[in-house]
Amino acid sequence: MNRCKHCGQIKLGQPKRRRGRWTFVKSLKAGDAITFDNCDEHEKARDAVRYYNIPYKAFKYKDGSGYSLVISS
């Protein structure tokens, strides 16, 4: 726990990085799908799939309820 030298209040450190959060996408097979409620998580998963060079199809549901990422062959 770090404290400020001048006022004595507790300093918050930087948040820990989430390394390896999307490594499970390497184990997905053709036809597997991941669904998301928000665009941010969808974009992060899409970036991870692109990083591992896995073919995919991404789309938004027509009713606007969420997003999906489908692994293709």
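The pLDDT is the predictor's confidence in each residue, from 0 to 100. The structure described here is a predicted model, in which local features need pLDDT of at least 70 and side-chain atom pairs count only at pLDDT 80 or more, while totals for chains, interfaces and linings use all residues. Residues are numbered from 1 along each chain as its sequence is written, and side-chain values use heavy atoms, with hydrogens and water left out. The chain has a mean pLDDT of 83, and 78% of its residues reach 70 or more. Helices (H or I, at least four residues) and strands (E, at least two) are DSSP runs, numbered from the N terminus. Confidence is lowest in strand β2 (residues 10-11), with a mean of 64, and highest in strand β4 (residues 56-60), with 93. Where pLDDT is low, the predicted coordinates should not be read in detail.

The chain contains 1 helix and 5 strands, arranged along the sequence in the pattern β-β-β-α-β-β. Two strands pair if DSSP finds at least two bridges between them. Strand β5 pairs in the antiparallel sense with β3 over 4 bridges and with β4, also in the antiparallel sense, over 5 bridges. Leu69 in β5 stands opposite Ile34 and opposite Ala58. The hairpin of β4 and β5 has 6 residues between the strands, and Gly64 there takes a positive phi near 80°.

Residues are classed by relative accessible area (buried under 20%, exposed over 50%, partly exposed in between; 1.4 Å probe, protein chains only). Of the 73 residues of the chain, 22% count as buried. In β5, 4 of the 5 residues are buried, so this strand is largely enclosed by the rest of the structure. A nonpolar core is a set of buried Ala, Val, Leu, Ile, Met, Phe, Trp, Tyr and Cys residues joined through side-chain atoms within 4.5 Å. The largest such core has 11 residues, among them Trp22, Ile34, Phe36, Val49, Tyr67 and Leu69. Two or more of the core residues come from each of β3 (33-36), α1 (39-51) and β5 (67-71).

Contact means heavy atoms within 4.5 Å. With neighbours within four places in sequence set aside, the contacts of Leu69 include Ile34, Phe36, Ala45, Val49 and Ala58. His42 lies in helix α1 and is buried, with a relative accessible area of 5%. Beyond four places in sequence, His42 is in contact with Phe36, Ala58, Phe59, Tyr67 and Ser68. Among contacts in the chain between residues at least 6 apart in sequence, 44% join residues at least 24 apart.

Tyr61 lies in the loop between β4 and β5 and is partly exposed, at a relative accessible area of 29%. Residues up to four places away not being counted, Tyr61 touches Thr35, Gly66, Tyr67 and Ser68. The C-alpha atoms of Tyr61 and Thr35 are 9.9 Å apart, with the two residues 26 apart along the chain.

Rings of Phe, Tyr and Trp (its six-membered ring) pair if their centres lie within 6.5 Å; planes under 30 degrees apart count as stacked, over 60 as edge-to-face and the rest as tilted. The whole structure holds 4 aromatic pairs. The pair of Tyr51 and Tyr52 is edge-to-face, because the ring centres are 5.1 Å apart and the planes stand at 80°. Tyr51 is exposed, with a relative accessible area of 65%, whereas Tyr52 is partly exposed, at 27%. One aromatic cluster is formed by Trp22, Phe24 and Phe36.
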